Amino acid sequence: MKLSPHFHLSEFTASQTATRLMIDNRPGPVEIAAMKLLCEKVLEPVRAQYDRPVMISSGYRSPRLNRALMGSRSSQHIKGEAADFEIPGADNLEICRWMERRLNYDQLILEFYRAGEPASGWVHVSYREPFRNMELTARRVIRNGRRKTEYLSGIVG
């Protein structure tokens, strides 16, 4: 099923974890409608800007798959409102900065980017109205000998 001119539902539902654990990762009509909006309002403009495929690494997650991945209980992936992606050959920091200047979204997160390594990390974006247009940067830190994720306000390179 096509969600928009350049995106298919299968890109949003593909999951090695779901396949390995035999988890049904099929969305319902509400989630499909949310994915269509995400594609139309955010991902298609990004693809047009960079004139390259947008590679989705994580899209829709059924509640069971989200639990298996230890995702947040309030993850917008469960609602079909979020996608994690990269564009081969494009710098994730630059993608985020372009999106920040040009698009509306709920959240835009530069995840685990390392300065000087443009292909590091990925971009997380979610879309729902009303927009928060919230920008964050996720970094891995070690605290008390444990690896944690720290979120900084804004897009930080």
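When neighbours within four places in sequence are left aside, Pro 88 is in contact with Arg 52, Pro 53 and Met 55, contact being defined as heavy atoms within 4.5 Å. The structure is a predicted model, in which local features need pLDDT of at least 70 and side-chain atom pairs count only at pLDDT 80 or more, whereas totals for chains, interfaces and linings use all residues. Residues are numbered from 1 along each chain as its sequence is written, and side-chain values use heavy atoms, with hydrogens and water left out.

Pro 88 lies in the loop between β4 (82–86) and α5. Helices (H or I, at least four residues) and strands (E, at least two) are DSSP runs numbered from the N terminus. Between Pro 88 and His 77 the separation is 11 residues in sequence and 22 Å in space, taken C-alpha to C-alpha.

Helix α5 (residues 92–102) packs with helix α3 (residues 29–50) at an angle of about 120 degrees, and their axes are 11 Å apart. This angle makes α3 oblique to α5. Axes are lines fitted to C-alpha atoms, for helices over the stretch in contact, and angles run from 0 to 180 degrees between N-to-C directions. Angles under 35 degrees count as roughly parallel, over 145 as roughly antiparallel, 65 to 115 as roughly perpendicular and the rest as oblique. The crossing of the two helices, α3 and α5, is right-handed; that is, the near helix is turned clockwise from the far one by less than a right angle, with anticlockwise giving a left-handed crossing. On the α3 side, Val 42, Pro 45, Val 46, Gln 49 and Tyr 50 meet Glu 94, Ile 95, Trp 98 and Met 99 of α5. By class, the contact of α3 with α5 comprises 7 nonpolar, 1 polar and 1 charged residues. In this classification Ala, Val, Leu, Ile, Met, Phe, Trp, Tyr, Cys and Pro are nonpolar, Asp, Glu, Lys and Arg are charged, and the others, Gly among them, are polar.

The structure holds 0 disulfides, a disulfide being a pair of cysteine sulfur atoms within 2.5 Å. Cys 39 is in no disulfide, and the nearest cysteine sulfur, that of Cys 96, is 17 Å away. Cys 39 counts as buried because its relative accessibility is 0%. Cys 96 is likewise buried, with a relative accessible area of 0%. Buried denotes under 20% relative accessible area, exposed over 50%, and partly exposed in between (1.4 Å probe, protein chains only).

Backbone geometry was also examined in the loops. In the loop between α2 (16–21) and α3, Met 22 has a phi near 55 degrees, a positive value in a residue other than glycine. With a relative accessible area of 71%, Met 22 is exposed. Leu 21, in helix α2, is partly exposed, its relative accessible area being 37%. Not counting residues up to four places away in sequence, Leu 21 touches Arg 64 and Ala 68. Leu 21 and Pro 63 are 42 residues apart in sequence and 14 Å apart in space, C-alpha to C-alpha.

The loop between β6 (122–126) and β7 (134–143) contains Pro 130, and the peptide bond from Glu 129 to Pro 130 is cis, with omega near -5 degrees. Asn 133 is placed in the loop between β6 and β7. The phi of Asn 133 is near 45 degrees, a positive value in a residue other than glycine. At 29% relative accessibility, Asn 133 counts as partly exposed.
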